[in-house]
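This report describes the fold of a single protein chain and then turns to selected residues. Please consult the sequence and the structure shown here alongside the text.

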Amino acid sequence: GENGLFLFEFWHTDAMLKHYEPFRVRKWPLPNGKLLRISETELIPDDSLARVAYEIYELRNDLSYSMIKETQINRYFRVEEMKEFLEGASFEALTWLNGYTWDEKIDDQSWHVLCVARAK
């Protein structure tokens, strides 16, 4: 309806260009083992794109495992650029938040930006 809000999240250009890691390994505990994620990231700055190739391993305590591979291509944006897109679609931004917090300070450490907008 007219009073609804539009909330969305996007990858932030400043953090991507200054702090991305070309190779990263993360792991998380699972009830029966652990999850291991390897990511390889390549930036395509002229198009504001990040190509991320993932290998995800479920390593089980019984020494068995499963693996999947996935490649994602994600676009990252500047806040000013996203504001122009919103205005072009007849929306106005009410606030910009640093990731999934209530912090309105957006800087080059802000990997994700959450926007709250409404239709004009």
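Is Ser-39 buried or exposed? Ser-39 is buried, because its relative accessible area is 6%, which falls under the 20% cut-off for burial. The model in which this value was computed is a predicted one. Ser-39 has its place in strand E3, which spans residues 33-44. Leaving aside residues up to four places away in sequence, Ser-39 touches Pro-22, Phe-23, Arg-24, Val-52, Ala-53 and Tyr-54. The C-alpha atom of Ser-39 is separated by 8.6 Å from that of Ile-56, a residue 17 residues apart from Ser-39 along the chain.

**Overall architecture**

The secondary structure of the protein consists of two helices and seven strands. Read from the N terminus, the elements follow the order β-α-β-β-β-β-α-β-β. The radius of gyration of the protein is 18 Å, whereas a compact globule of 120 residues would have a value near 14 Å. Along the principal axes, the C-alpha atoms fill a box of roughly 55 × 35 × 25 Å. Of the 120 residues in the protein, 28% are buried. Among contacts between residues at least 6 apart in sequence, 48% join residues at least 24 apart.

**The sheet and its packing helix**

Strands of a sheet pair through backbone hydrogen bonds, either parallel or antiparallel. In this protein, seven strands form an open sheet with mixed pairing, in the order E2-E3-E4-E5-E1-E7-E6. Strand E2 (23-30) and strand E6 (91-98) are the edge strands, each pairing on one side only. On average, and with direction ignored, neighbouring strands of this sheet are turned by 35 degrees against each other. Helix H2 packs on the sheet and touches E1, E5, E6 and E7. The direction of H2 makes about 155 degrees with that of E6.

Strand E4 (residues 49-60) and strand E5 (residues 65-77) pair in the antiparallel sense over eleven bridges. Among the residues involved, Glu-58 has Ser-66 in E5 as its bridge partner, and Ala-50 has Asn-74 in E5 as its bridge partner. E4 and E5 form a hairpin with four residues between them. In the turn of this hairpin, Leu-63 has a positive phi of about 75 degrees. By contrast, E1 and E5 run parallel and are joined by two bridges. The bridge partner of His-12 in E5 is Phe-77.

**Nonpolar cores**

In soluble globular proteins, nonpolar side chains tend to be buried together. Which residues make up the largest nonpolar core? The ten residues are Phe-8, Phe-10, Phe-77, Val-79, Met-82, Leu-86, Trp-96, Val-113, Cys-115 and Ala-117. Strand E1 (6-12), helix H2 (79-88) and strand E7 (112-119) are the elements that give two or more residues to this core. Phe-8 touches Met-82, Leu-86, Val-113, Leu-114 and Cys-115, with residues up to four places away in sequence not counted. A second, separate core has six residues, including Met-16, Leu-43, Ala-50 and Tyr-76.

Which residue forms a polar contact with the side chain of Ser-110? The partner is Asn-98, and the contact is made between the two side chains. Ser-110 is found in the loop between E6 and E7 and is buried, with a relative accessible area of 0%. Not counting residues up to four places away in sequence, Ser-110 touches His-12, Ala-15, Asn-98 and Lys-105.

Thr-95 lies in strand E6. Thr-95 counts as buried because its relative accessibility is 16%, a value under the 20% limit. With residues up to four places away in sequence not counted, Thr-95 touches Glu-104, Leu-114, Cys-115 and Val-116. The side chains of Thr-95 and Glu-104 are also joined by a polar contact.

| Residue | Side-chain partner | Polar contact distance |
|---|---|---|
| Ser-110 | Asn-98 | 3.2 Å |
| Thr-95 | Glu-104 | 3.0 Å |

Conventions: Residues are numbered from 1 along each chain as its sequence is written. This is a predicted model: local features need pLDDT of at least 70, side-chain atom pairs count only at pLDDT 80 or more; totals for chains, interfaces and linings use all residues. Side-chain values use heavy atoms; hydrogens and water are left out. A nonpolar core is a set of buried Ala, Val, Leu, Ile, Met, Phe, Trp, Tyr and Cys residues joined through side-chain atoms within 4.5 Å. Buried means under 20% relative accessible area, exposed over 50%, partly exposed in between (1.4 Å probe, protein chains only). Contact means heavy atoms within 4.5 Å. Two strands pair if DSSP finds at least two bridges between them. Axes are lines fitted to C-alpha atoms, for helices over the stretch in contact, and angles run from 0 to 180 degrees between N-to-C directions. A polar contact is a pair of N or O atoms within 3.5 Å; within protein, one must be able to donate a hydrogen and the other to accept it, and residues adjacent in sequence count only if both atoms are side-chain atoms. The radius of gyration is taken over C-alpha atoms; the globule rule is 2.2 Å times the number of residues to the power 0.38.
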